[in-house]
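This report describes a chain as a whole, one of its helices and one of its strand residues. The sequence and structure are shown first.

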Amino acid sequence: MPSKARQLKQKKKIKYNEKKQEISEIKREYYQENKDRIKEYVKSRFQTNEMAKERNRTKARMRKSQKLASDECLNSRRKTQTEDTLSSKMSDQELRSMVLAFRVSELTMLLSFGGKSSAGRKQDLQQRALDVIKMKNPAINAKIKEIYKARNLETSALGGQNTYSKTQSHGGQSAASEFLTQTDVKLKKLPFYDVLAELIKPSGLVPSSVDRFQEGLVQFSLTPQQATEIVSSRDLRKSDSYPVQIQIRFALFETTSEQDDCFPSNTGVKVNGKAVQLPNPIPTNKSGVEPKRPPRPVDISPYCNLSPIGSNSITVSWTPEMYKNYVVAAYVVRKLSSQDLLQRMHKKGPWPIDYTKGLIKDKLKVDRDSEIALTSLRVSVNCPLGKVRMAIPCRPTTCSHLQCFDASLFLQMNERKPTWMCPVCDKTILYDNLVIDGYFTKVLDSRLLPSDFTEVEMKIDGSWEPKIICGKPNFRSTDTDKQIFDLEDVEEVSVVKAAPAATVGTEVKTKHVEEVLLIDSDSDETGTHASSAISAIHSANRPTTPALPLAPESSMVRPSSPDIIVLD
């Protein structure tokens, strides 16, 4: 018989096993009841750990990029200091020898940079350039060195050597540089695109051999945030439509000013080995002249690897031109519409009414030394583009004329075909200089301006009066019916409140002349900018206006100013 101690031990063991089995049953039941919650918890812990690892990797990449950026900045600073030191130590004799080796085009570039005249024979240009050296200006010395360096680079390229990039021949047909050199070229801002990131800084397309066709290679990679933003913006209805897109731009290799888009001759682009569709060349009737492509950026998003894993390569082929070099750059941009730009103009607010009043008073200021006195100005309330009454009058701050044009129509036209030419004076304008005119906004919103009146007359005190065009019966033919309105007499519509009009205390005593000088702001030159775009924008629902008889051609004069002037 087993002893009592052994029996007690066996009983304890049995109880322990029963307790253990009971605990296992409880755990199994708990797991079955909370299986989904446990799995969700494990999954969340796993995701948290992955996010922490990704955050650590991102911090490591940021530290590495910051270190590289600081090293690059330090190296650039050292290089600049070295160049400045070398430039300061450069003797006048060395500068003279460089200038005497320049061609006429290079001498012209140097004299233009130094603010001197660039007209005359080569000997005269050389003499002026030598006089510029005597000024001992560090900027001019650096410019001479830059021109001389570019000249040597071009000469070595034509001789089959290039000290800036490694070359590799391809069957004797062309030579492709492994990596293009980055430059300090700045490209002009495009109004319909917001730049989110710069993938490739402007890199020079410098010939690497004497072959006719050249090739250059650049590479870039996307960050996770950039890749996600591009992919998420894709329009599923159009497979190749990306509001946030990767675009490449070409421009001239010129560092003196911001450059417009410009394609090299016979440009070809391949992204990851796939040929990119470029804008079709504009046909030309001139013999021996190569058709040029429209100067616009190229969307390469459909050809790119939209993933942070891996890189993208861009191969550019072109034909070198004498005395011309080009650059290529790549950006991540957000495409905007004309409505977006119009909304930004509204956010800027209208141009102050007092400013326009001051401009009217300056134009009508009395000059006692002149025999002719201007007593009024006539401005059309119809847009010179759409030939209908303006809804949102705007004009550039850089133009001196009072005539406005419709902001919505102008932006829609430039969205279809970007020219950015003022439809009144045909000057090149910038979107940042466009403003909504508060004065004419209030005039157009006024109840005192009948719908059939197409002109308003501006008085010397800044007030205005409705006027009808020549050839139609005038409702205000008598002096008793004639009314002059100031903006303070008009019901408040605009958000900008007009200040009281200042009356000029000078009386002009002249004899009234019945002849009116009518300036037609809708010239043929202005119409060339709008012919195709206006028909597409207004063909759906254009308001019908009654036909108005025109004045005889003998009484129409076209001065240089776009405003209509009445002489007394």
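## Helix α5

The buried residues of α5 are L125, Q126, A129, L130, V132 and I133, where buried means under 20% relative accessible area, exposed over 50% and partly exposed in between (1.4 Å probe, protein chains only). Because they cover an arc of only 155° around the axis, they lie on the same side of α5; the arc is that of the directions from the helix axis to the C-beta atoms.

Helix α5 comprises 12 residues, 122-133, and should span 16 Å at 1.5 Å a residue; its end C-alpha atoms are 17 Å apart, which agrees. The expected span is 1.5 Å times one less than the number of residues.

## Basis of the model

The model is predicted: local features need pLDDT of at least 70 and side-chain atom pairs count only at pLDDT 80 or more, while totals for chains, interfaces and linings use all residues. Residues are numbered from 1 along each chain as its sequence is written, and side-chain values use heavy atoms, with hydrogens and water left out.

## The chain as a whole

The chain contains 12 helices and 18 strands, taken as DSSP runs numbered from the N terminus (helices H or I, at least four residues; strands E, at least two). Of its 568 residues, 36% are buried.

Among contacts (heavy atoms within 4.5 Å) with a separation of 6 or more, 70% join residues 24 or more positions apart.

## Residue T315

T315 belongs to strand β10, residues 312-319. Its relative accessibility is 24%, so T315 counts as partly exposed.

Leaving aside residues up to four places away in sequence, T315 touches E215, G216, L217, G268, V269 and K270. The C-alpha atoms of T315 and K270 are 5.1 Å apart, although 45 residues separate the two along the chain.
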